[in-house]
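Here's a quick briefing to read alongside the coordinates. Pocket first, then sheet and core.

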Amino acid sequence: YLAGSDAGNYAISSGSYLEIGNYIVDQLAIAGTMANSSTVYGDTLSFGAVTFSNVVAGDDVQVNLQGLANSAAEGDLAVANASNNFDVGTYVVQLNSLHGADAANYARRPNGAGTDYYITGSHEITPKPLNLTARDLRLAYDGSAYYGGNGVEFAGFVAGETQTVLNGDLTYAGSSQGAVKTGKYQITPTGYGVANGNYNLI
């Protein structure tokens, strides 16, 4: 219908219509910061706290899940290795989703794939200490020079991994190599390396 002091001067004839407009409320691009964080290789991931800076007072918006990515781009999630761990390195942490009664009013990234997230942080995975100890060996004096070792013991591998993740070949050094006379000598294991840097041999 028509309203107003002069509405009586007008009539809506057959076939006429009024165009109805739309009132649209778009999502608010979430803003804030994410604290940087770090964990040791193989440990449970623990990310930095997220602080929102533009959530409307009284709104219930929370971080539901954070995930590692090789970059901040959507669809570029980092992939765990064969033992279900993430290799040593620095990763982007992104908001995988929001939750809370008012979460639908906020956007965590621009529309469209391949775009950056509004809030990201950095997560560093550091090498895990791996103890490498040479086994003791006791021999009777026979006048011959000694070379070699008696194998090694490892302590510190994450579940599902063994010395097969190491590269190089085990060799021995130390004062024991070439020793002839009676006494106590040092056997030093060497030769191993870690291609992906996930362990720090000590």
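By class, 11 nonpolar, five polar and six charged residues line the largest pocket (nonpolar is Ala, Val, Leu, Ile, Met, Phe, Trp, Tyr, Cys and Pro; charged is Asp, Glu, Lys and Arg; polar is the others, Gly among them). Keep in mind that this is a predicted model, where local features need pLDDT of at least 70, side-chain atom pairs count only at pLDDT 80 or more, and totals for chains, interfaces and linings use all residues. Numbering starts from 1 along each chain as its sequence is written, and side-chain values use heavy atoms, with hydrogens and water left out.

**Pocket**
- A pocket here is an open set of points on a 1 Å grid over the protein atoms alone, where a 1.4 Å probe fits, with protein on both sides within 12 Å along at least five of seven lines; lining residues have an atom within 4 Å of a point.
- Of the 22 lining residues, Leu137, Arg138, Leu139, Gly183 and Tyr185 lie nearest the centre of the largest pocket.
- The space in the largest pocket comes to about 690 Å³, counted as what probe spheres set on the points fill.

**Sheet**
- E10, E9 and E13 make an open, mixed sheet in the order E10-E9-E13 (strands are DSSP runs of at least two residues, numbered from the N terminus; a pair needs at least two DSSP bridges).
- E10 (152-155) and E13 (199-201) are the edges, each with a single partner strand, so one side of each has no neighbour in the sheet.
- E9 and E13 run parallel, joined by three bridges, and Leu130 has Leu201 in E13 as its bridge partner.

Methods. Helices (H or I, at least four residues) and strands (E, at least two) are DSSP runs, numbered from the N terminus.
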